[in-house]
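Subject: Structure handover

Hello,

I am passing the structure below on to you. My notes on it follow.

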Amino acid sequence: MIFALVILPLLAGLVAFVLRRPAIRRGLLVGTALMHATVTAICWAATPAPALGGWLALDAAGLLFLGITSFLFLMVSFYVAGYLGEEANRRATDPEEGFLFDNAPEAVFIGCLLLFLAAMTLVTVSQHFGLLWVAIEATTLASAPLIYFHRHHRSLEATWKYLLICSVGIALALLANFFLSVAATQKSGGAFAMVLSELVAHATILQTPWLKVSCLLFFVGYGTKMGLAPLHTWLPDAHSEAPSAVSALLSGAVLNCAFLGLVRVQQICVAAGLGDFGRDVWIALGLISLVVSAVFILGQTDYKRLLAYSSVENMGIIAVGVGLGGAGVFGAMLQAVNHSLAKAMLFLLSGNILARYQSKNIARVRGLLMAAPATGLLWLAGFLAITGTPPFGLFLSKFTILKAAFDGGHVWIALLLLAFLAVIFIGMTTAFLAMAQGEPEKTINRGEDRWWQIMPPAVLGFLVLCLGLTIPAKLSTVLHQIALTLGGAQ
Amino acid sequence: MFITNLILALVVLTNLKLLGSSRLGASIRVVAAQGVALGLLPILAHWPELSVHFGLLAAGTVAIKGVVFPWLLFRAIREAEIAREIEPYVGYAASLVAGAVALGTSFWLCTRLPIPENIASPWLVPVSFFSIFAGLFLIVSRKRAVSQVLGFLVLENGIYTFGVGVAVRTPFLVEVGVLLDVFVAVFVMGITIFHINREFDHINTDRLSTLKD
């Protein structure tokens, strides 16, 4: 079952490179996404048996992120199928600078998209640290060509930064893996396998100095990929230049994959009695991310970069949540789920806006509610969701994290968190409301968007709303299990 | 033991050569030579205990780092028809001084960490740290995309040195996965360099500076 999850998109991706007919290729994309989502649903219903000698297994954290990834990919695949029907293989005019450019061949785009899904799936099911590293690096490599879909100099710059910064970061995570394996080597010469359960079981006899250095390097390595400031520099560029559907996946799924890598590290730290050491790093990185994102969200002129910095902000909130421990971990995981859904929704909508207004500049977009009522309404709903307004799910998760901070006696952290959230709320409000209200310019087409532009973000938004009203029992159990492994029992 | 030390000395010298070299073609050859020398390390580090596992790994590493990468990178600069100079942000002399400082720091770091006793050579860990520092320095101090890829390879070589020499128990599947990832990384970077060249008519990354806040 676990094998099927990884092999299915891998094979489909390879086939997509050689298929000739565009319609069949798009069918393959949506079909694979549907099958992957079905298998994932079966895994949620009954946890499958471990494979490959325990290297591949689904624990609570893996199950949660697999669920998010698979569902987001399904929604995005609908959007991409419609998008490619209009965009593929034609010369387009650059909205910013007015030059002509080509798009990447559709076969490469769909092929890489499916390989990307395979890599992300492998991240969620890997229990072996080496394999986890291989999978996380593979997500970078499979997604780099996706960012360079529009072939012009800005997307090229974004791709190069993404490739180089993430590769260097992840190379340092490889060093961290080796340090961890030294930490797991005993004086007698024996060593434990680098499998999560094995390391957690023997965590107390790991060599502490190596474990600490390894932990810090993991934070640098996977933190780069997760978009934690000050290691986030690739993120706004890649998110703003990639096609919107790819931005949705980058923000909603890839950042979570790197987060999962760090969750695994924290699990070992907690088991080794170094939980507090890890928590301090989480909180420091989380607060820095909040500062940086608040600074860049205020006065931001590009709405896709605004959304990208909002992702940095949300990763910061999640990091603070994990750092607080206890109920904070529960809140952080819930925040990760909600953020993925809401941010993917907003990025898909930003694609609709870009297609209509031909500009990423906030000042050039006016009267969205009049020009495209459905997109405009969803855009406003997405804004309320991402800023954590009740009754959306992000309100609940942010509230849980804040409450954990107050309950744990971390009043200063709670106050800082509140202050940054308020500043970011103001920055987002000015941008979003100005875009939605007013009278659109005469040159802008009026009328509804197509169904594939509306349906996926609407479904995502509906789910964020539902998660704010009630958390399903199964999801709640999974979240509690994760919180337990990260020291939530205290 | 003697040959292992010889290889490690070679790695130190090639790193210094890279920091001080102004020629792109020579740098690519030096990195290739370093890759081949390191490819032989897993066999020597476990001498005389030979196995198919180490043999395959060494062959794969030598083939990819010694043949495929230089070929890819030479192709990238040939098609770019660029002047074969490095164009550093930091001058060659200053780079060499930084290299010397990095070398000293690496040896000092190793006195601060509990190094396992049963490794092939006491030089293994400091030399691997030195390669990592040198690689990071090359990435941030050079303008050309190709030079940055060379820096990435030196960084990776440093991590590989540590992995082969110290972390003995890495399973075969993971080693193959790592090698494959590095291969694909350089391959994708090579393609990107080709596109950068076509877009900008040269491959300096200082032209990649439109995106900022």
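I start with the strands of chain A. Strand β1 (residues 92–93) of chain A and strand β2 (residues 100–103) of chain A run antiparallel and are joined by two bridges. Please keep in mind throughout that this is a predicted model. Within this pair, A:Phe101 of β2(A) is the residue that stands opposite A:Ala92. The hairpin formed by β1(A) and β2(A) has six residues between the strands, and A:Gly98 in this hairpin takes a positive phi near 80°.

β2(A) also pairs with strand β3 (residues 150–151) of chain A; these two run antiparallel, again with two bridges between them. Here A:Asp102 has A:Arg151, in β3(A), as its bridge partner.

Next, the domains of chain A. The domain assignment divides chain A into domain 1 (1–273) and domain 2 (284–490). Between the C-alpha centres of domain 1 of chain A and domain 2 of chain A there are 21 Å. The contact between them involves 41 residues of domain 1 of chain A and 45 residues of domain 2 of chain A.

Which helices supply the side of domain 1 of chain A that touches domain 2 of chain A? At least two residues each come from α3 (60–87), α8 (208–226), α9 (234–241) and α10 (244–271) of chain A. The largest share of that side is from α10(A), with 14 residues. Sorted by class, the side of domain 1 of chain A that touches domain 2 of chain A is made up of 27 nonpolar, 13 polar and one charged residues.

Chain B has eight helices and zero strands, and the pattern along its sequence reads α-α-α-α-α-α-α-α. Chain B has 213 residues, of which 44% count as buried. Taking the contacts in chain B between residues at least 6 apart in sequence, 78% join residues at least 24 apart.

One residue of chain B gets a separate note. B:Asp206 is found in the segment that comes after α8 (172–200) of chain B. Is B:Asp206 buried or exposed? B:Asp206 has 9 other C-beta atoms within 10 Å; the cut-off for exposed is 12 or fewer, so B:Asp206 counts as exposed. Its C-alpha lies 24 Å from the C-alpha of B:Pro70, and B:Asp206 and B:Pro70 are 136 residues apart in sequence.

Regards

Methods:
Residues are numbered from 1 along each chain as its sequence is written. Chains are lettered from A and ligands numbered from 1 in the order in which they are written. This is a predicted model: local features need pLDDT of at least 70, side-chain atom pairs count only at pLDDT 80 or more; totals for chains, interfaces and linings use all residues. Two strands pair if DSSP finds at least two bridges between them. Helices (H or I, at least four residues) and strands (E, at least two) are DSSP runs, numbered from the N terminus. A residue is buried if 20 or more other C-beta atoms lie within 10 Å of its own, exposed if 12 or fewer, and partly exposed in between; C-beta atoms are placed from the backbone. Domain bounds come from an automatic or database domain assignment. Two residues are in contact if their C-beta atoms, placed from the backbone, lie within 7 Å. Ala, Val, Leu, Ile, Met, Phe, Trp, Tyr, Cys and Pro count as nonpolar, Asp, Glu, Lys and Arg as charged, and the others, Gly among them, as polar.
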